[in-house]
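The questions below go through one protein model, part by part. Each answer ends on the value or name asked for.

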Amino acid sequence: MLRQALLVASRSGGARRVVRTAPFTGDVVRRFVAGETIDDAARVTGDLTGEGLLVSLDVLGEDTPDKGHAEANVRHYVELLERLGAAALGTRAEVSVKLSAIGRTLGDDYALENARRICEAARSAGTTVTFDMEEHTTVDSTLGIVHELRRDFPDVGAVIQSYLRRAEEHCAELAYEGSRVRLCKGAYGAPTAVAFTDKEEIDRSYVRCMKVLMAGKGYPMIATHDPRLIEIAGALATLNDRDADSFEYQMLYGIRPQEQRRLAAQGAQVRVYVAYGREWYEFFMRRMAERPANLRFFMRSLVGR
Ligand code: FAD
């Protein structure tokens with residue numbers, strides 16, 4: 001119930017105004033958000049890649065209401081990719097993009113054209129793009145756009161959310177040669193008609209999806225902080241004779257940083273999803289919804305303890 005309330009609050013303009021204007025939210029937000037500017041993103045990327053970790057950068061901002069905002073977001077991504085290109089990091093630093101940030105509400109064709117511009121900039125920078133998955137109502141549209149983009153940019157990454165009942169079927173469709181697929185549990189609310197809502201069921205679905213992806217010919221990107229699922233991923237990789245460079249683990253910036261380094265020290269590829277930008281509210285609230293400990297930490301900062 002708390003999770004649902006926080007997910008609803010993540011979409012509320014009033015709650016956004018209260019949280020955004022509270023000066024004491026700064027430190028708590030910084031735990032999950034790398035900063036507000038390209039310079040912040042470049043600094044954190046340099047630090048993480050210097051430690052042998054990989055990075056996926058997300059420019060915060062979603063549900064853009066008009067072409068002006070969408071265009072500004074596309075230009076920001078292009079500028080960011082130019083910076084990454086100049087740093088010559090290759091695919092060690094890629095970008096993650098939400099189609100809602102680049103104009104999906106204004107039509108799939110418009111979002112597709114904007115996505116193409118970002119993919120072209122990524123290609124020039126020698127790196128890749130992964131398209132985040134958002135609300136369940138947008139899954140078909142996102143997979144359709146990713147499918148279209150892959151005709152010209154085969155390395156475009158797709159995301160599957162294990163809480164969706166169709167996740168395993170989608171994994172099977174996407175487990176082909178060269179296909180980069182991020183598997184996560186799913187961070188949005190979804191009705192039981194389309195999604196598992198019980199944690200155990202979501203985890204079991206995650207394992208089924210991993211089995212399909214690890215046995216397939218694609219490149220699985222195992223995005224979770226769940227110790228049990230990370231262990232199962234390692235076992236499935238061994239079972240399927242996968243080399244360490246044929247899949248990767250992914251975790252969010254600020255969550256289980258020691259585990260990220262532990263896995264990397266063992267020779268695994270670990271990519272850290274680094275979100276930055278001024279529009280941090282929705283992303284931050286989803287992190288609060290995921291874990292009561294994060295919420296307690298946040299509430300303590302509100303009362304100044
Ligand atoms: P949870 O069930 O939340 O946590 C499982 C266990 O992990 C916990 O019991 C605990 O042991 C450990 N853990 C979790 N958080 C912490 C913490 N703060 N500190 C210590 N231990 C912790 N969702 C989408 O809907 N679309 C996307 O495109 C998307 N992209 C993502 C990309 C990446 C790289 C990652 C890591 C997540 C992404 N997500 C996305 C979010 C994802 O769907 C989950 O909401 C989020 O990862 C939390 O789920 P979990 O797998 O960590 O499991």
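Helices (H or I, at least four residues) and strands (E, at least two) are DSSP runs, numbered from the N terminus. This is a predicted model, in which local features need pLDDT of at least 70, side-chain atom pairs count only at pLDDT 80 or more, and totals for chains, interfaces and linings use all residues. Residues are numbered from 1 along each chain as its sequence is written.

Q: How many helices and strands does the protein chain have?
A: Helices and strands are counted here as the DSSP runs just defined. By that count the protein chain has 13 helices and eight strands.

Q: What percentage of the 305 residues in the protein chain is buried?
A: A residue is buried if 20 or more other C-beta atoms lie within 10 Å of its own, exposed if 12 or fewer, and partly exposed in between, with C-beta atoms placed from the backbone. For the 305 residues of the protein chain, the buried share is 42%.

Q: Into which domains is the protein chain divided, and which helix supplies the largest share of the side of domain 1 that touches domain 2?
A: Domain bounds come from an automatic or database domain assignment, and they give domain 1 (1–33 + 280–305) and domain 2 (38–272). The contact, where two residues count if their C-beta atoms, placed from the backbone, lie within 7 Å, takes nine residues from domain 1 and eight residues from domain 2. On the side of domain 1, helix 1 (2–9), helix 3 (26–32) and helix 12 (281–290) each supply at least two residues. The largest share of that side, four residues, comes from helix 12.

Q: Is Lys98 buried or exposed?
A: Lys98 is in the loop between strand 2 (93–97) and helix 6, and a UniProt "binding site" annotation from an unreviewed entry covers Lys98, Arg286 and Arg287. UniProt positions are given in the numbering used here, feature names are shortened, and annotations may be inferred rather than shown by experiment. Not counting residues up to four places away in sequence, Lys98 touches Glu62, Asp132 and Glu134. Because Lys98 has 24 C-beta neighbours inside 10 Å, it counts as buried.

Q: Which residues touch Gln161, not counting residues up to four places away in sequence?
A: Gln161, in strand 4, is among the residues that UniProt lists for "binding site" (unreviewed entry). Gln161 is buried, since 26 other C-beta atoms lie within 10 Å. Residues up to four places away aside, Gln161 touches Met133, Ala167, Cys184, Lys185 and Gly186.

Q: Which residues is Ala187 in contact with, leaving aside its neighbours within four places in sequence?
A: Ala187 is in the loop between strand 5 and helix 9. With 19 C-beta neighbours inside 10 Å, Ala187 counts as partly exposed. Leaving aside neighbours within four places, Ala187 is in contact with Arg286 and Glu290.

Q: What separates the C-alpha atoms of Ser246 and Lys217?
A: Ser246 is in the loop between helix 10 (227–239) and strand 7 (248–252), and it is partly exposed, with 15 other C-beta atoms within 10 Å. Ser246 and Lys217 are 29 residues apart along the chain, and their C-alpha atoms are separated by 9.4 Å.
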